[in-house]
Amino acid sequence: MSDVYVLNPDYGLRDDIHRFILFSKANRKGNASPNWMSFIHPAHAAMLSFFTHERSLNENWPLLALFFHCDASKVERLIRPFMENREAFFTTWHGKRICFPRQLIIPVERAGTEYRFQKLPPCTPTGMTVDTCTRRLYSGPLLLTLMLTNRCMAHCRYCYADTRTQVQNWLPTSRILELVREAAELPVQQINLIGGEIFLHKDWDIILAELVRHGIEPEFISTKIPFTAECLRKLKQTHYKNLIQVSLDAIDTTVLVQSLSVNNSYTSEMMRGLRMLDQSGLPYQVSSVLTTYNCDPRTLTDLFRFLSTLKNLHDWRLTPVSNSTTTKYPGFADLKPSHQKISDIFRFLQEAVVPNAHFRIILNQSAIEKQYYTDEGGSMHFNGAVCSALSSHLFILPDGKVTICEQLYWNPRFIIGDAKKSGLKEIWQSPEALHLCNLSRKDLSRQSKCKACTYFEECFEYGNRCWSDIIKAYGKECWDYPDPRCRLAPEMKNRLDY
């Protein structure tokens, strides 16, 4: 009872007007639940605030009892499940689940030597009503993605990114740093950096260092650039300690020249750069995209043999190529291996390669297991990843234009603001954003089966339709069609499966 317990510093709290958001931080160090986000009742947030002070349990119980107008024994009985809980759990309020992550309240000794008591007052919401159900955040985004540049050193035939649009007026670094500070004040959970090739942005290291300083750096950085000593030196100076993901599909020069449109020296430069990265002490993983160029045992075995010479490789991830919203389908379809070929190569790797690896090999089975035309009852019931567009995520393009999803890029229908002119909260509540969040039947074309669907209201209100998959499957002009997972969706013009 004389011990001091605190809210685990790997978690953050944000007032979301009608509830509080409880989320895991990007740079968590302990045994916290990764990528956690849940809505909690203001009473729960108030309770957690008492564990941001340097108080023993003996001191906290009577204070909590006074705040909640009950006796100390009841307070202790209610709060004990939140202390050093080994697993996530939930409570109920008005029949609704409120979920909590593991290790929520912990002894101060386990909070780390850099722990500082926040001394939060009892949290009270900005709004008068309590809403723990609405998916879209009220107070602004929780996740941001900054596309620093759409320039790249390779020209991958299978690339889904929009690298063709010519950016005329780049978002200045000074404004990017302002946005980072604004995001940190919200606070956000994380800011991701992507390209193109992020290392081609002249100030990538300044931006990354600012993210690290605020504790909202990316979970990983993906690159296709051959590392040099100078690049690794700059990377270390940012104090970034999360994963670096190196994209390498083969070590066969012919394969890389044909599929990436790179020069003949690219393969040797990538291998040399990976050896330097391996010796740098920085954590890294390798990612390979499976296409008709490299989806065969010989090519992947050769790549595995090279990777096996690296001592500190964290893991090797293999993912089948997926469709693009920016590339015409007929040519793109030729790059997609068949379902049978992917299954065969995964089986070969599992049986002949995985047992001989000193690093993890992760085979992305979900890509070929994804089901279409099977789900019914609206987007709340769709299987697979839950869409974060318009609910918790903003995507900022290299010129400052803001869209709702990484793969929609400069599609004018989904541009909801300009980060050169507006702040994050203003963009989140812009007329364009609110219009997309509240589409009505009259906004849809007669050709869309959604227009007369029985489930229209609940489906669109829940907001789990994948806009990019819809456009990939049916074309830009059919943005309002059903998600191809839906049982009522028409036959795809461009198949998403294999």
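**Salt bridges, domain contacts and nonpolar cores**

In the predicted model, the side chains of Glu210 and Arg181 meet in a salt bridge, with an N to O distance of 3.3 Å; a salt bridge is taken as a side-chain nitrogen of Lys or Arg within 4 Å of a carboxyl oxygen of Asp or Glu. The pair links distant parts of the chain, 29 residues apart, with Glu210 in helix H5 (residues 204–214) and Arg181 in helix H4. Helices (H or I, at least four residues) and strands (E, at least two) are DSSP runs, numbered from the N terminus. Glu210 is buried at 11% relative accessibility, whereas Arg181, at 34%, is partly exposed; buried denotes under 20% relative accessible area, exposed over 50%, and partly exposed the range in between (1.4 Å probe, protein chains only).

Residues are numbered from 1 along each chain as its sequence is written. Because the model is predicted, local features need pLDDT of at least 70 and side-chain atom pairs count only at pLDDT 80 or more, while totals for chains, interfaces and linings use all residues; side-chain values use heavy atoms, with hydrogens and water left out.

Over the whole structure, 22 salt bridges are found. Side chains of opposite charge can pair when their charged atoms come close. Lys370 lies in the loop between helix H12 (366–369) and strand E15 (393–396) and Asp469 in helix H16 (residues 467–474), so the pair ties together parts 99 residues apart in sequence. Here Lys370 is partly exposed at 33% relative accessibility, and Asp469 is buried at 9%.

The protein is divided into domain 1 (5–110), domain 2 (143–368) and domain 3 (379–474), with bounds from an automatic or database domain assignment. The C-alpha centres of domain 2 and domain 3 are 26 Å apart. Contact between these domains (heavy atoms within 4.5 Å) involves 27 residues of domain 2 and 22 residues of domain 3. About 2200 Å² is buried between them, 65% of it on carbon and sulfur atoms; buried area is the accessible area (1.4 Å probe) that two parts lose on being put together, summed over both. Zero salt bridges are found across this interface. On the side of domain 2 that touches domain 3, strand E8 (143–147) and helix H4 (173–185) each supply at least two residues, and the largest share, five residues, comes from E8.

The largest nonpolar core has 104 residues, and those with the most contacts inside it are Trp316 and Ile404. A nonpolar core is a set of buried Ala, Val, Leu, Ile, Met, Phe, Trp, Tyr and Cys residues joined through side-chain atoms within 4.5 Å. Beyond its neighbours within four places in sequence, Ile404 is in contact with Ala389, Leu390, His393, Phe414, Ile416, Leu436 and Trp467. Another core, of 28 residues, lies apart from the largest one and includes Leu22, Met47, Leu57 and Ile79.
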